[in-house]
Amino acid sequence: MDYETIIGLEIHAELSTESKIFCSCSTEFGADVNTHTCPVCTGMPGVLPVLNKKAVEYAIMAGLAMNCNITRYGKQDRKNYFYPDLPKGYQISQYDLPICYGGYMEIEADGQQKKIGITRIHIEEDAGKLIHDDFLGVSLVDYNRAGVPLIEIVTEPDVRSAGEAKAFLEKVKSILEYTGVSDCKMQEGSLRCDINLSVRPMGQKELGTRTEIKNINSFSAAVRAIEFERSRQIGLISAGKEVALATLRWDDENGIGYEMRSKEEAHDYRYFPEPDLAPVVIDDGWIEKIKNSLPELPDARKERYVSDFGLPEYDAAFITASRKLADYFEKAVELGAPPKIASNWIMGDISRLLKDRGLEDIPFAPEYLVKTTDLIEKGVVSTTAAKRIVAELFDGEKDPEQIAKEAGLIQVSDESELALLVKQVIDENPKAVAEVRAGKEKAMGFLIGQAMRVSKGSANPRIISRLVRKMLGL
Amino acid sequence: MAFASSLDQIGPLAKTVEDCALILKHIAGHDEMDSTSANAEIPNYTAALGRGIAGMRIGVPKQYLENGIQPEIKKAVLDAVKVYEDLGAACEECSLPLVEYALYAYYLISSAEASSNLARYDGVKYGFRADNFGDLRDMYLKTRSQGFGEEVKRRIMLGTFALSSGYYDAYYKRSRLVSGLISDEFSARFSKYDALLTPTTPTTAFRFGEKADPISMYMGDVCTVAVNIAGLPAISIPAGFDGAGKPIGIQLIADRFEEEKLLRLAYSYEKVAGFENARPELSDVKGGLQWTTRQS
C-alpha cells in the first residue's frame, strides 16, 4: 500500500538583536559561561521584563517576508514548566495572539512549485544551556542564552516529503538571512527545528496519529529524521499496530528517534497572559515602515539575475538562495566579472571549498575573484591553474598574479618559445600528426595535450592549437 | 517580588494625607524598567490638597454596607457622608451589583499569578534547597514542599488548578471576564461621581490566629480587592475607633489617574475629622490586648 506523509514544521530562529528580549544583556555567542546575565534573565525575585522593540520588529519583518498577516494587538503569555535551564520556572512566549499569522511561502521541490502555509510566527525567549559534567557527576547551567529572542515559525501540515521539508527549511533560512532577522548559524543553534509527522494510506481523508521529533540540528538531519519516522510509522501500521502519540528525540549520530515522553506524560503548560508586560500595539505606520525597509528578497533577486544578467534559472536560484553568495556575486559583476563566469566559479569551486572547509563566508573579497578571472581572460593563466589560485585564496587574500607566479602557473604565450615546443611534439608523434592531416580532430586534442604535458601545464592551449595547425600547414 | 503581578500596586503608607501626596508625587510616573507603568504626566498632588471639595459628587455603593459589615464601621462611613455634605459635596447612595464577585475573581487571578511567580523558588539558583533528594524531580518536590508555608502552598495549588488544562476557561478566563465587567461597572459610576466612599474592611482587626479558616480570612479583603480587579486608585483613611478601641478605616475610590481627587477628598475629611493623630486606648480593649510575637 502507498502512504502519504503529512508533515508540519516548527522552526526556532534566534533573532539578530544586540541585546536580549527582556533585558539589556548581550546576545553574543561564545562568551564565558554566565557572563551575559543579569537579575532579569536569571529570574531573580523583584525584577520585571521589558520587551525589546527590535525583537518585535524582526518578527514583523519575518512575517511580511513570509506573506503573513500582522496582528495589531499582541501579547506575551507565560508557558509554565520546571527545568533548571528555565530560571523563572516559566518561559515568556506567545499563545493566542502571535505577532504574525496566516502566511505562506513558495518552494520548489522535486521540480514542482508549491505553497506551504504558515500558521503563525511568534516571539519568545530562549532558555539557558545545561552542561553535564561527567567527571564531577553534576549538571551545571549557563544562562548566557537565557532570554535571547527567538521567533517560532509554525507551518500548516502542508509538507509531504523530506525533499519538501528541506526546500522549505532552506527557503526560511534564506529569507531570514536576507532580512537580517537571524544569522541562521546552525552550528551555534541559532536555527533549530521540530518535526510533526504522521502517515496515512494514500487517498484516506483522516489524518493518522502524529509524533513530534525534536533535536534536529541540520537540514540533512531533518531529512534523515523524516525518512526514519515515516518508515517507522508505516512499519507499525503495516504490521497492524498503532502509532502512539509521542515526542521523540532525534539521535542523528545513530539515525534513531528515541521516545522522550508519551501522551500520558505530556506537559500542561498552564499558559496565561504575562501580567508583567503591557500588550504590544502595532499600528499601520510601523508595519509600513518595516515593509519599506525590507531588502530585495531571494525570489525577486533571482528574477533580476535572469533578466538583467542573463543567468540560467538554475544558477540564479542557486546563488540567490544565500544572501552572502548573492551579495558576493553582485559585487564581482559590478567589478567587471562576466556574470556567467562569476556564477560558475561561485557555484563550482567556491561552493565546494566552502563546504569542504565548513565555512559560511567566502574568505576573500570579490576583487580577488575578479582578478583571477581576468587572468584567464587575458590568457595569463589556464582555467586549471585558476582553480589552484582560488584554492590558495581560501588560505588568505593574496594577489592572484603573485600566486600564479610563485606557483609557476603563468601560461607561456610567447610564440617563439612555444614554437620550439610544438616542433618537438610534432616530431615525436608522427602517427598522431598523420591522423590530424587525415582530418581527425581527436588526434589534434592529443597533440595539444602532449604539448601541455611537456610544458607542465604552463603553455597557453589556444596558441598551441594555432601553432600546430600553422606548422602542419592546415 | 510581586504576589499577583497584574493586581499588585505599590502605594504610600503615611501618617497624614499630605505625607501621602508628597510620597506619591515622587513614586508616580513611568519607570523604564517596568513596562506596565503608565507614561502619563504627574500632577502636583500637594498643590491640589487645599483646594476644597465643594461641588464634588460622591457615590456610596450600598453593597459595601450590607452583609457582614460591622455596625460601627457602617456608622463611620455614614458619618463621613455628613462631613462631606457639610463641606459642600453631593453624596448619594449608588449600586455596584457585580462587586460581590470581585473577591472570587481576585483570589483566582492572584493565586494563578502567584503560582507562576513563585515557580522560581525551585532550589536551583538561590534560596532554600532541601538537603536530601534523589533526582531533579525529587529536588523540586522536597524543596518546594519544605520551603513554602501552608498558606503559600494553598494558593500555589489553587492557582495551578485554576490555570490547568480543562479548568482554565471555567476559572482563570472567567475571572478575567468578570474583572472586565466589574471595571465597566465602576467606569459607568465615574461618569456620574467623582469618587465612591466605602469601608476599608468589613470588621475591625481580629486577633492573631483567631481565624483558622482561610475563606473567612480572604473575606477580610472584600472591600479592597475590587479596585485591584478594576485597576482603580483608592485611598484608605482613619475614621475613628470601634467600641473596643480598634481603628476603623474608610476608603475612597476614583477613576483611573484621578489620584488628585482622592487626595483632596481625603485631605478635606482629615482636616475636619482629625483622626490622623488619634491613638487607640489600648488599655481599654475588652479582655486585654494579647500582643503576640512571631517566632522567627
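## A helix pair in chain A

The axes of helix 9 (residues 366–377) and helix 10 (residues 383–393) of chain A come within 10 Å and cross at roughly 165°. Angles over 145 degrees count as roughly antiparallel, so helix 9 of chain A is roughly antiparallel to helix 10 of chain A. As for handedness, helix 9 of chain A passes helix 10 of chain A in a right-handed crossing. Keep in mind that this is a predicted model.

Who does the touching? On the helix 9 side of chain A it's Tyr368(A), Thr372(A), Leu375(A) and Ile376(A), and helix 10 of chain A answers with Thr383(A), Ala386(A), Ile389(A), Val390(A) and Leu393(A). Sort the residues of this contact by class and you get seven nonpolar, two polar and no charged.

## A parallel strand pair in chain B

Over in chain B, strand 1 (residues 57–61) and strand 2 (residues 90–94) run parallel, joined by five bridges. To get from strand 1 to strand 2 of chain B, the chain goes through helix 3 (residues 71–86) of chain B, and this β-α-β crossover is right-handed.

For one of the pairings, look at Gly59(B): its bridge partner in strand 2 of chain B is Glu92(B).

## Where the two chains meet

The contact between the chains takes 22 residues from chain A and 21 residues from chain B. On the chain B side that touches chain A, helix 4 (102–117) and helix 6 (150–163) of chain B each supply at least two residues. Which helix gives the most there? That's helix 4 of chain B, with three residues.

Key. Residues are numbered from 1 along each chain as its sequence is written. Chains are lettered from A and ligands numbered from 1 in the order in which they are written. This is a predicted model: local features need pLDDT of at least 70, side-chain atom pairs count only at pLDDT 80 or more; totals for chains, interfaces and linings use all residues. Two strands pair if DSSP finds at least two bridges between them. Helices (H or I, at least four residues) and strands (E, at least two) are DSSP runs, numbered from the N terminus. A crossover is right-handed if, with the strands pointing away from the viewer, the path from the first strand over the helix to the second runs clockwise. Axes are lines fitted to C-alpha atoms, for helices over the stretch in contact, and angles run from 0 to 180 degrees between N-to-C directions. Angles under 35 degrees count as roughly parallel, over 145 as roughly antiparallel, 65 to 115 as roughly perpendicular and the rest as oblique. A crossing is left-handed if the near helix is turned anticlockwise from the far one by less than a right angle, and right-handed if clockwise. Two residues are in contact if their C-beta atoms, placed from the backbone, lie within 7 Å. Ala, Val, Leu, Ile, Met, Phe, Trp, Tyr, Cys and Pro count as nonpolar, Asp, Glu, Lys and Arg as charged, and the others, Gly among them, as polar.
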